[in-house]
Every structure is written in C-alpha cells, then in structure tokens.
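Reader: I would like to go through this structure with you. Could you show it to me, please?

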Amino acid sequence: MRGAGVQPGGVPDMQQILQQAQKMQEQLMTAQEELANAETTGSAGGGLVTAVVSGSGELKSLTIDPKAVDPEDTETLADLIVAAVRDASSAAQQLAADRMGGLAGGLGGLGLPGM
C-alpha cells in the first residue's frame, strides 16, 4: 500500500508512519517471542540421533540411541550428531524466515521515499 501516510503535496504523515512503525515493532516482538518458544527437531541415521533446537537456534536437547554408540567408531557418532543438529537448525532457520519474512517486507509500506 504505497503512498499510505502521504499528505497532499507528497509530504509523509509522520504520525501515521510512527503508528505503523510501532505496530510493526509490536509484531516483531511477538514473532521473536513465538520463535524463542518454538522448537524444531532434526534427526540423522534413521533416528539414531535426534536434536531439538529452539526457533532462535539454541540447542535444547540431544538424544542418542545406544545402538549408535560404538567405542571403536566415534567418528560416525560425531557425524550423526552434527547432521542431526544441522537438520534441526535448518528447520529453525526456515521457521524464523517464515515468521519474520512478512515483517521485514513490511518496511516498504511505511510511505518513506526509497523504501
């Protein structure tokens, strides 16, 4: 909705722009809180290793099936852990992009020149 908040003569209505900015800030804070409370799960090795990551990217838990533990082959276990955490982190990043994407795109709707 380009042009909203513009008075006759092309002068931006600062009050309306400030109200829109405040609304966007509130939406952003709500989305950030939702992300912090959301969790995504990733797994590797057919579920032998499972990682849970918060929407903000914090590793919350890691579960390792005893079948994945071979004292003679710790490299494979390490690879499975990295893959599971990477999978969960990727899901968390996608969740963040989905939730925050619309808000970042809303900056152009403030009626500011060049936005």
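Author: A definition comes first: strands are DSSP runs of E with at least two residues, numbered from the N terminus, and two strands pair if DSSP finds at least two bridges between them. This is a predicted model, in which local features need pLDDT of at least 70, side-chain atom pairs count only at pLDDT 80 or more, and totals for chains, interfaces and linings use all residues. Residues are numbered from 1 along each chain as its sequence is written, and side-chain values use heavy atoms, with hydrogens and water left out.

Reader: How many bridges join β4 to β5?

Author: Five bridges join β4, residues 49–54, to β5, and the two run antiparallel. Val 49 stands opposite Ile 64, and Ala 51 has Leu 62 as its bridge partner.

Reader: And what order do the strands of the sheet take?

Author: The order is β3-β4-β5 in an open, antiparallel sheet of three strands. The edge strands are β3 (39–44) and β5 (59–64), each pairing on one side only.

Reader: Which residue in the turn between β3 and β4 has a positive phi?

Author: Gly 45 does, at about 65°, in a hairpin with four residues between the strands. The β4–β5 hairpin also has four residues between its strands, and Gly 57 in that turn has a positive phi of about 100°.

Reader: New topic: is Thr 40 buried or exposed?

Author: Thr 40 counts as buried because its relative accessibility is 9%; buried means under 20% relative accessible area, exposed over 50%, and partly exposed in between, using a 1.4 Å probe and protein chains only.
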